[in-house]
Amino acid sequence: MAGKKVLIVYAHQEPRSLNGSLKKVAVEELSKQGCTVTVSDLYAMDFEPRATRKDVIGALSNPEFFNYGVEAYEAFKRRCLASDITDEQKKVQEADLVIFQFPLYWFGMPAILKGWMDRVLCQGFAFDIPGFYDAGFLKNKLALLSLTTGGTAEMYTKTGVSGDFRYFLWPLQHGALHFCGFKVLAPQISFAPEIASEEERKAMVASWAQRLKTIWEEEPIDCTPPWYFGQ
């Protein structure tokens, strides 16, 4: 939709991968709609995933005992966070929709993307206590996980060997995104691209492009335990 701003946080090492193609087609389709699209290509940026003392510029609020969460919160309020963090926060702040594009590692995000979450979504910026879940500070924004798996769709069912795919989405969508107030759109899961044919991989990319044509009409999921675990 013209005028909308989209941030794609992209975590894959190989531009010619399916993740790379999914990111590329999203940029093309959303740009064609008149959206402003920004990509944070975390590997290309050599993004620092570790939450350390270096994230705070200048003095600590408690030099005797280092507590990362407290120090990041205080540094956010004093505008003393490292520039790589504030650069990402600015992109998030300006976005109407944030898309996370990544391969599933151990039912979670690659370390570089997990580190982006750890460092960028700090207290004061993304949430406060109180001020989380429906009251989270990013509550006027949409978020969407677009991910690829090693396992097949059949493996990720209630009776499958890996359990329902919604189980692994709980900590990502609910514990992180919804916690910060994001309204979560249904995930885009491209199952087992490595064992798919070239035609099947093309179809995965095409179905993502197709979905993005009407993405602004979508309603968020009901991000509560029943969506993930049933009644």
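Gly 124 is in contact (heavy atoms within 4.5 Å) with Tyr 73, Phe 76 and Phe 137, leaving aside its neighbours within four places in sequence. Gly 124 is found in the loop between H5 and S4. At 18% relative accessibility, Gly 124 counts as buried; buried means under 20% relative accessible area, exposed over 50%, and partly exposed in between, with a 1.4 Å probe and protein chains only. This is a predicted model, where local features need pLDDT of at least 70, side-chain atom pairs count only at pLDDT 80 or more, and totals for chains, interfaces and linings use all residues. Residues are numbered from 1 along each chain as its sequence is written, and side-chain values use heavy atoms, with hydrogens and water left out.

**The chain as a whole**

- The protein chain has eight helices and six strands. Helices (H or I, at least four residues) and strands (E, at least two) are DSSP runs, numbered from the N terminus.
- Along the sequence, the pattern runs β-α-β-α-α-α-β-α-β-α-β-β-α-α.
- The C-alpha trace spans about 55 × 40 × 30 Å along its principal axes.
- Of the 231 residues in the protein chain, 49% are buried.
- Of the contacts with a separation of 6 or more, 76% are between residues 24 or more positions apart.
- The protein chain exposes about 11600 Å², and carbon and sulfur atoms supply 56% of that area. Accessible areas come from the Shrake-Rupley method with a 1.4 Å probe; for residues, only the protein chains shown count as cover.

**Helix H5**

- Helix H5 covers residues 111-120; seven of its ten residues are buried, so H5 is largely enclosed by the rest of the structure.
- The buried residues of H5 are Ile 112, Leu 113, Gly 115, Trp 116, Met 117, Arg 119 and Val 120.

**Where H4 meets H5**

- The axes of H4 and H5 come within 10 Å and cross at roughly 90°. That makes H4 roughly perpendicular to H5.
- Axes are lines fitted to C-alpha atoms, for helices over the stretch in contact, and angles run from 0 to 180 degrees between N-to-C directions.
- Angles under 35 degrees count as roughly parallel, over 145 as roughly antiparallel, 65 to 115 as roughly perpendicular and the rest as oblique.
- From H4, Asp 84, Ile 85, Glu 88, Gln 89 and Val 92 take part; they meet Trp 116, Arg 119 and Val 120 of H5.
- By class, the contact of H4 with H5 has four nonpolar, one polar and three charged residues. Ala, Val, Leu, Ile, Met, Phe, Trp, Tyr, Cys and Pro count as nonpolar; Asp, Glu, Lys and Arg count as charged; the others, Gly among them, count as polar.

**The loop between H5 and S4**

- Strand S4 covers residues 142-148, and Pro 130 is found in the loop between H5 and S4. A cis peptide bond joins Ile 129 and Pro 130, with omega about -5°.
- Tyr 133 has its place in the loop between H5 and S4. Its phi is near 50°, a positive value in a residue other than glycine. Tyr 133 is partly exposed, with a relative accessible area of 27%.
- Ala 126 also lies in the loop between H5 and S4. At 0% relative accessibility, Ala 126 counts as buried.
- Neighbours within four places aside, Ala 126 is in contact with Leu 121, Gly 136, Phe 137, Leu 138 and Cys 180.
- The C-alpha atoms of Gly 124 and Leu 113 are separated by 20 Å, and these residues are eleven apart along the chain.

**Other loop residues**

- Phe 107 lies in the loop between S3 and H5. Phi of Phe 107 is near 65°, a positive value in a residue other than glycine. Phe 107 is partly exposed, with a relative accessible area of 40%.
- Glu 194 is found in the loop between strand S6 (188-190) and helix H7 (198-213). Glu 194 is exposed, with a relative accessible area of 75%.
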